[in-house]
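Student: I have a chain to go through with you, and I would like to know what lies behind each label. Could you take me through it?

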Amino acid sequence: MLSKLKYLMPRSLYGRAALILIVPVVTIQLVVSIAFIQRHFERVTRQMTTSVAIEISYLTLQMDNAPSVAEARARLAEIAPAMGFETTFPSDKTEGEDVRSAFDLAGKEVIATLRETLPEVRQIELLSNPQRVEMLIDTAQGPLWLVVDRGRVSASNPHQLLVLMILTSVLMTLIAYGFLRNQLRPITKLADAAAAFGKGQPIRYRPRGALEVRAAGKAFLDMRGRIERQIEQRTMMLSGISHDLRTPLTRLRLGLSLLPEDEETEALLGDVADMERLIDGFLSFARGDAVEEAELTNPQELINRVVGNAVRAGLPVTLGATLGAGEVMLRPVSVTRAVENLISNAVRFGSIVRVGYALTGRSLRISVEDNGSGIAENLRDEAMQPFARLDAARNPNKGGGVGLGLAITQDIARNHGGKLLLSRSEDLGGLRADLVIAC
Ligand SMILES: Nc1ncnc2c1ncn2[C@@H]1O[C@H](COP(=O)(O)OP(=O)(O)OP(=O)(O)O)[C@@H](O)[C@H]1O
Ligand SMILES: [Mg+2]
């Protein structure tokens, strides 16, 4: 029950706030007006009907007190029109039930009051003509059929009150709508700023609005500053270390090249080359893509270029399914690096590599699949950690790297407000890596 209600609830804060505002107001208004109008109606109807009943009993009294039938009829003919009654002496004296329409609530009151105050009433009929009240009355001269205007016994509908009520409700709702919108705008702005920062696009933001929203905005700005400082520190430290390591390595390489060429020096030169590769890895990880600006890029061209380069390098890479066209805000150099990382992994483990992409309104999804061994489900998170090499020991001949490729790729995805997903390739059987970028 509750969960069903949850689906019916509007999802936006705006809708919810409007609901919270409107539901109680409308309910209170409905209950109060129905109760009030109903009671007011009943009382007015009772009062009006009572006064008509007094007139009728005066009329019957005059007739009853008349010395003769002729006199009684003469008095009736004189008094009844003056009082606004239409009267006839019906020939057939059949009497029936009291009748009224089921919705005629005031009619119920009319009947009850007439029955209470006029014991000589035999039948009341409100149905045949809603504008009239007709009744059969016992008099000394026989049954009398008496007709009164309905307007004399019950009040007309309070249309004005209802119209006024609805109009003011609509007006107040509109005004509340405007106020609410102004209050919610700072929250939307904060959400936009946070989302943009998540995609690595720091936009200008100034805390505004209500106290609480302002506090959240200020907290966000502090956090953003702290994260930016940390990234800067990390970059500086890692690039500093890498840079400082390069100089002694270069000296080492020079020294080794002066030695006679034999197996030992060759192995040592290989080690030096490995270390240089490691340092290059550190450097590119540390640099991240902080320096590059996002720009409108056609993903199709980007992927064609990457695949083309790979093919020219003699790698077994093919272009797979592509879906959608258009341009996306992204950092082309970083994304190219990310896709190249995935391809370099895939060609190391598989002999068929397929690159594809799907562009929808919300995201760009670039996939790289291979027919290699894949990564077991429980190791996928670990594989994306920096410096993680899962089976380097088992496959030394596969030319294991530093273990930064997936970490860098994941970093790039996150800096675009997206993520890196690893799964099993359905048709190739190896790893499927999806680089998702939010549009
Ligand atoms: N396509 C793949 N098939 C099977 N295993 C993979 C695949 N891609 C990555 N892995 C596993 O995940 C680990 C981490 O990959 P990652 O790209 O981060 O590092 P690396 O390739 O070893 O080194 P680097 O990319 O820095 O040169 C790899 O060592 C490998 O064990
Ligand atoms: Mg790699």
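Student: What makes Arg-234 and Asp-411 a salt bridge?

Tutor: Happy to start there. A salt bridge is a side-chain nitrogen of Lys or Arg within 4 Å of a carboxyl oxygen of Asp or Glu. The closest N and O atoms of Arg-234 and Asp-411 are 3.7 Å apart, so the pair meets that cut-off. This pair links distant parts of the chain, with Arg-234 in helix α6 (residues 211-258) and Asp-411 in helix α11, 177 residues apart. Helices here are DSSP runs of H or I with at least four residues, strands are runs of E with at least two, and both are numbered from the N terminus.

One caution: this is a predicted model, where local features need pLDDT of at least 70, side-chain atom pairs count only at pLDDT 80 or more, and totals for chains, interfaces and linings use all residues. Residues are numbered from 1 along each chain as its sequence is written, chains are lettered from A and ligands numbered from 1 in the order in which they are written, and side-chain values use heavy atoms, leaving out hydrogens and water.

Student: Why is Asp-411 called partly exposed?

Tutor: Buried means under 20% relative accessible area, exposed means over 50%, and partly exposed lies in between (1.4 Å probe, protein chains only). Asp-411 has 24%, so the label is partly exposed. Arg-234, at 31%, also counts as partly exposed.

Student: And what makes Ile-34 exposed?

Tutor: Its relative accessibility is 55%, which is on the exposed side of the cut-off. Ile-34 is found in helix α2 (residues 13-64).

Student: What is meant by the largest nonpolar core, and which residues touch the most other members?

Tutor: A nonpolar core is a set of buried Ala, Val, Leu, Ile, Met, Phe, Trp, Tyr and Cys residues joined through side-chain atoms within 4.5 Å. The largest one has 38 residues, and those touching the most other members include Val-335, Val-339 and Leu-435. Its largest share, six residues, comes from α9.
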